[in-house]
Amino acid sequence: MIRYGDLKIETCRDVYEPAEDTFLLADNLDVAEGERVLEIGTGTGLVAINASEKADVTATDINPAAVECARKNAALNGSRLRVLQGDLFDPVRGEKFDVILFNTPYLPVGEEDLTDGPIDLAWNGGPDGRRVIDRFLDDVAEHLKPGGRIQLVQSSLSDTRRTLERLQSLGFDAEVTASERYFFEEIVLIRAIMKARDPL
C-alpha cells in the first residue's frame, strides 16, 4: 500500500509501481475544476485518481492488469473514474479532452532487457526510447479541445529536445516545467499548450 496525500494506492502484480516519474507528474498536475482529462498509461491509477478530485477523468492502459488495478484503487478511494483498456487513444476515438496526461514508456530498451511480461509495456520505449512517444505525438492533437494542453513525462535518454521540437511543429507552445536529475538521466515533465489556429 502506498499513501499519496489522502489517497491509498494498492500496488498490483504485473503493474508499474508508482515511482519518481509518477510523483513528478502527480506533484505538478495542471488540472482545473470540471475539465475533461485523459490519462494514458494509468498503471495503478494514482495520477488519474488524484486528478479526479477536480476533473472528469478517463484513464486508459494497454495492460489489462493495470486496468483492473486502477479500477480497484478508484473504488478504494471513492473516485469516479472511467478506466478503459487499449493502446494509446484507441479506447477514446472521437473524444476530445481539455488535458491529456502521459507518463510515457521512455527507456531505450534492447530485446535482451525484456521480461516478456506485461510490465514491459510500462517502460519499453524501443531501441531509442521514442517508439511510444512518437506514436502518441502523431495523434494527440486530434484528441484535444482548442487551447487544450498536455503534460508528458519522459527521460533525457529518449531525447527531450526532439519531443519539444516535434510539439512546436505540431502547433504547441511547449516547455519543460519540472525535472528530477538522477546519476545517468534527467526525468522531465513537459507541458504543451495547443496554440490557437489563425482563421483562414
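This report describes the sheet, the disulfide, the salt bridges and a surface patch of a predicted model.

## Basis of the values

Residues are numbered from 1 along each chain as its sequence is written, and side-chain values use heavy atoms, with hydrogens and water left out.

## The sheet

An open sheet of 7 strands has the order β5-β4-β3-β6-β7-β9-β8, with mixed pairing; helices (H or I, at least four residues) and strands (E, at least two) are DSSP runs, numbered from the N terminus, and two strands pair if DSSP finds at least two bridges between them. The edge strands are β5 (81-85) and β8 (172-181), each of which pairs on one side only. From one strand to the next, the twist averages 15°, where axes are lines fitted to C-alpha atoms, for helices over the stretch in contact, and angles run from 0 to 180 degrees between N-to-C directions.

Strand β6 (residues 97-103) is mostly covered, with 7 of its 7 residues buried, a term for under 20% relative accessible area, whereas exposed means over 50% and partly exposed lies in between (1.4 Å probe, protein chains only). Strand β3 (residues 36-40) runs parallel to β6 and is joined to it by 4 bridges, and within this pairing Glu39 has Leu101 of β6 as its bridge partner. Strand β7 (residues 144-155) is also parallel to β6, through 6 bridges, with Arg149 of β7 as the bridge partner of Val99. Strand β9 (residues 186-194), in contrast, pairs with β7 in the antiparallel sense over 7 bridges, and Arg149 has Ile193 of β9 as its bridge partner.

## The disulfide

The count comes to 1 disulfide, defined as a pair of cysteine sulfur atoms within 2.5 Å. Cys12 and Cys69 form this link, with their sulfur atoms 2.1 Å apart, and with 75° about the S-S bond the link is right-handed. Cys12 lies in the loop between β2 (7-9) and α1 (20-27) and Cys69 in helix α3 (residues 64-76), so the pair ties together parts that are 57 residues apart in sequence. Both Cys12 and Cys69 are buried.

## Salt bridges

The structure holds 17 salt bridges, each being a side-chain nitrogen of Lys or Arg within 4 Å of a carboxyl oxygen of Asp or Glu. One of them joins the side chains of Arg36 and Asp56 (3.9 Å, N to O); because Arg36 lies in strand β3 and Asp56 in strand β4 (residues 56-61), the pair ties together parts that are 20 residues apart in sequence. Arg36 is partly exposed at 24% relative accessible area, and Asp56 is partly exposed at 43%.

Asp98 and Lys145 meet in a salt bridge between their side chains (3.5 Å, N to O), and since Asp98 lies in strand β6 and Lys145 in strand β7, this pair ties together parts that are 47 residues apart in sequence. Asp98 is buried, with a relative accessible area of 18%, whereas Lys145 counts as partly exposed at 28%. Arg130, Asp134, Asp138, Arg162 and Arg166 are linked in a network of salt bridges.

## A nonpolar patch

Leu157, Phe183 and Phe184 make a nonpolar surface patch of about 370 Å². Leu157 is found in the loop between β7 and α5 (160-169) and counts as partly exposed at 36% relative accessibility. Patches are made of residues with over 30% relative accessible area and no salt bridge, like charges being joined within 9 Å and nonpolar side chains (Val, Leu, Ile, Met, Phe, Trp, Tyr) within 5 Å; accessible areas come from the Shrake-Rupley method with a 1.4 Å probe, and for residues only the protein chains shown count as cover.

Notes: Predicted model: local features only at pLDDT ≥ 70, side-chain atom pairs only at ≥ 80, totals over all residues.
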